[in-house]
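Please keep the structure open while reading.

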Amino acid sequence: MENLLNAFVVLSNFVIIPAAAYGAQLALGALGVTLIYAVLRFSNFAHGDLMAFGTMATILGTWWLQAMGIGIHPLPTALLVLPLGVLAAVLLALGTDRVVYRFYRQRRSAPVVFVIVSVGVMFVYNALVRFFIGVEDRRFEDGERFIIRPNEFEALTGLDEGLALRSSQLLTVVVAILAMLALFWFLQRTRTGKAMRAFSDNEDLALLSGIDPKRVVLITWALAATLATLAGVLYGLDKSFRPFNYFQLLLPIFAAAIVGGIGKPFGAVIGGFVVAFSEVGLTYAYRRVLQYVVPEQWMPDGLAQLLSTDYKFAISFIILVLVLLIRPTGILRGRVI
């Protein structure tokens, strides 16, 4: 029994807890992508760099507060500045819509035109972020680092393996759950949320019903930018901030949105965790877990790793291709791209 508990602790340290935190971050990102697709009907390739921009604004504010000696220990100072980061991302998204996307929307351009335009916007966002904060790896996590430390867990339980739970991991899951609940309540219970859903289901019928399309577009961008900033800041606190990493996140975020069913908010949440557990589970070396559950003579010579961590993002791509080939509507039968 003790061996099984030790194996579970190792699995929790390196697979279950990291994948749960990563899945929550992907789910928030995928929610923004799926909202834009459901209401504005295009795949926004600039979403990853919008995450980076909101996170950058939060980091700059965090550094300023840290220099002033202001913090909320044991929580990260970034939480104090998060509203500023959200505001910066919302203003950038609304400004981009006003200057760029509105032009094509008024001409009723095809969705593929919006996709191409969003790629151009992505490069502009990326350049902005690199101009202001550079390309280096940035860490801005402060406050108490661990909720549970390995040595304390070992002393408490008497097990050979210690459980480590970092503050950023627990914070990620808690903030993500609160944000998702607030979003689902907004979409299901408020008049504006119902207008967004009606606009998403049938735009012409929604316009005939008196729904203001400008207001729907504004709220959609504001929600997407808010979710993007939350996802970006939580990802940066959990790992670190580097602009190129946020560009790379675009693939697993789109994979999550499509796996769950593009246009289905709850599907985006499911897809986020499916992609995260697939990436982490398939690239982890299980030798340390197996040493507790199999006899020594059955132990494999290698690391018992299915795929190298170098293929982490390739897993998202494979999942994306398989879903598009086998079930293009995703788990919850969303729209087909």
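How many helices and strands are there in the chain? The chain holds 14 helices and two strands. The model is predicted, and every value below is computed from it.

**Overall dimensions**
- The chain has a radius of gyration of 21 Å, which agrees with the value near 20 Å that a compact globule of 337 residues would have.
- The C-alpha trace spans about 70 × 55 × 35 Å along its principal axes.

**Packing and contacts**
- Of the 337 residues in the chain, 49% are buried.
- Taking contacts between residues at least 6 apart in sequence, 75% join residues at least 24 apart.

**Gln 169**
- Gln 169 is located in helix α6, which covers residues 167-189.
- Is Gln 169 buried or exposed? Its relative accessibility is 7%, and because buried means under 20%, Gln 169 counts as buried.
- Leaving aside residues up to four places away in sequence, Gln 169 touches Ile 17, Pro 18, Ala 21, Ala 164 and Asp 238.

Terms used: Residues are numbered from 1 along each chain as its sequence is written. This is a predicted model: local features need pLDDT of at least 70, side-chain atom pairs count only at pLDDT 80 or more; totals for chains, interfaces and linings use all residues. Side-chain values use heavy atoms; hydrogens and water are left out. Helices (H or I, at least four residues) and strands (E, at least two) are DSSP runs, numbered from the N terminus. The radius of gyration is taken over C-alpha atoms; the globule rule is 2.2 Å times the number of residues to the power 0.38. Buried means under 20% relative accessible area, exposed over 50%, partly exposed in between (1.4 Å probe, protein chains only). Contact means heavy atoms within 4.5 Å.
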